[in-house]
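The sequence and structure come first.

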Amino acid sequence: MTKEADVAAAVSGFYQALNILFTGDAEPMKNAWSHADDSSYMGPDGLYLRGWEQIKTMWEHVGALKLGGCVNPKQLNTVVGADMALITCVESGENEVDGQAETVGIRSSTVFRKEGDVWKVVAHQTDLLSYLAG
């Protein structure tokens, strides 16, 4: 496979992991991420986390929320370098909060880094979602 195809597979895996996370299973999302100390997360909840330990704990918390629904990338743009890749997109779909459907339509940037033979998420940043930001 080419670098571009490998990155496309990593992007697809990231969004599959996100949608599995909404069912309560955080493991695929934790596997999609780099476990390095230089990882960072600025997500729809308003948090700014640095380092794998903080990010791992956050994903476990989000999994426990069992938000339901499905979110996928739209207007996807991918830039691939030798060992880093950047995607920008609009994350679009919905979650369920207290039995109520909540629309998701937020801008997102995700950086992937090649670690060994695998592309892992090393940074993720999105707009805020009012029902998650607190």
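## Val90 and its contacts

In this predicted model, Val90 is in contact with Asn72, Pro73, Lys74, Gln75, Gly105, Ile106 and Arg107, leaving aside its neighbours within four places in sequence. Val90 itself lies in strand β4. Ile106 is 16 residues from Val90 in sequence, yet the two are 5.4 Å apart in space, C-alpha to C-alpha.

Val90 counts as partly exposed, at 23% relative accessibility.

## The nonpolar core

The largest nonpolar core has 31 residues, and the members that touch the most others are Trp33, Ile55, Trp59 and Phe112. At least two core residues come from each of α1 (3–21), α3 (52–65), β4 (84–97), β5 (100–115) and β6 (118–126). Helix α1 gives the most, with eight residues. In soluble globular proteins, nonpolar side chains tend to be buried together.

Which residues does Phe112 touch, not counting those up to four places away in sequence? The list consists of Ala10, Val11, Phe14, Asp83, Met84, Ala85, Ile87, Trp119, Lys120, Val121 and Val122.

## Val11 in helix α1

Val11 lies in helix α1 and is buried, with a relative accessible area of 5%. Leaving aside neighbours within four places in sequence, Val11 is in contact with Leu76, Ile87 and Phe112. Val11 and Cys89 are 78 residues apart along the chain, and their C-alpha atoms are separated by 11 Å.

Not counting residues up to four places away in sequence, His124 touches Phe14, Trp33, Ser40, Tyr41, Met42, Glu91, Ser108, Ser109 and Thr110. Of these contacts, Trp33 is also among the core members that touch the most others.

Lys114 is placed in strand β5 and counts as partly exposed, at 32% relative accessibility. Lys114 touches Asp83 and Trp119, again not counting residues up to four places away in sequence. Between Lys114 and Ala85 there are 8.4 Å, C-alpha to C-alpha, and the two are 29 residues apart along the chain.

## The largest pocket

About 290 Å³ of space lies in the largest pocket. Its lining is made up of 21 residues, and those nearest the centre are Tyr41, Pro44, Val62, Leu67 and Leu132. Tyr41 is also one of the residues that His124 touches.

Which elements each supply at least two residues of the lining? They are α1, α3, β4 and β5. Helix α3 has the largest share, with five residues. By class, the lining has 16 nonpolar residues, three polar and two charged.

## Cysteines

The structure holds zero disulfides. A disulfide requires the sulfur atoms to be within 2.5 Å. Cys89 is likewise in no disulfide, with the sulfur of Cys70 as its nearest cysteine sulfur.

Cys70 counts as partly exposed, at 39% relative accessibility. Cys89 is buried, with a relative accessible area of 6%.

## Backbone angles

Most residues other than glycine have a negative phi. Gln75 is not a glycine, but has a positive phi of about 50°. Its place is in strand β3 (residues 70–80), and at 70% relative accessibility Gln75 counts as exposed. Gln75 is also one of the residues in contact with Val90.

Asp98 also has a positive phi of about 50° without being a glycine. Asp98 is found in the loop between β4 and β5. With a relative accessible area of 81%, Asp98 is exposed.

Technical notes. Residues are numbered from 1 along each chain as its sequence is written. This is a predicted model: local features need pLDDT of at least 70, side-chain atom pairs count only at pLDDT 80 or more; totals for chains, interfaces and linings use all residues. Side-chain values use heavy atoms; hydrogens and water are left out. A nonpolar core is a set of buried Ala, Val, Leu, Ile, Met, Phe, Trp, Tyr and Cys residues joined through side-chain atoms within 4.5 Å. Buried means under 20% relative accessible area, exposed over 50%, partly exposed in between (1.4 Å probe, protein chains only). Helices (H or I, at least four residues) and strands (E, at least two) are DSSP runs, numbered from the N terminus. Contact means heavy atoms within 4.5 Å. On a 1 Å grid over the protein atoms alone, a cavity is a set of points where a 1.4 Å probe fits but cannot get out, and a pocket is an open set with protein on both sides within 12 Å along at least five of seven lines; lining residues have an atom within 4 Å of a point. Grid points are joined across faces, edges and corners, and a volume is the space filled by probe spheres set on the points. Ala, Val, Leu, Ile, Met, Phe, Trp, Tyr, Cys and Pro count as nonpolar, Asp, Glu, Lys and Arg as charged, and the others, Gly among them, as polar.
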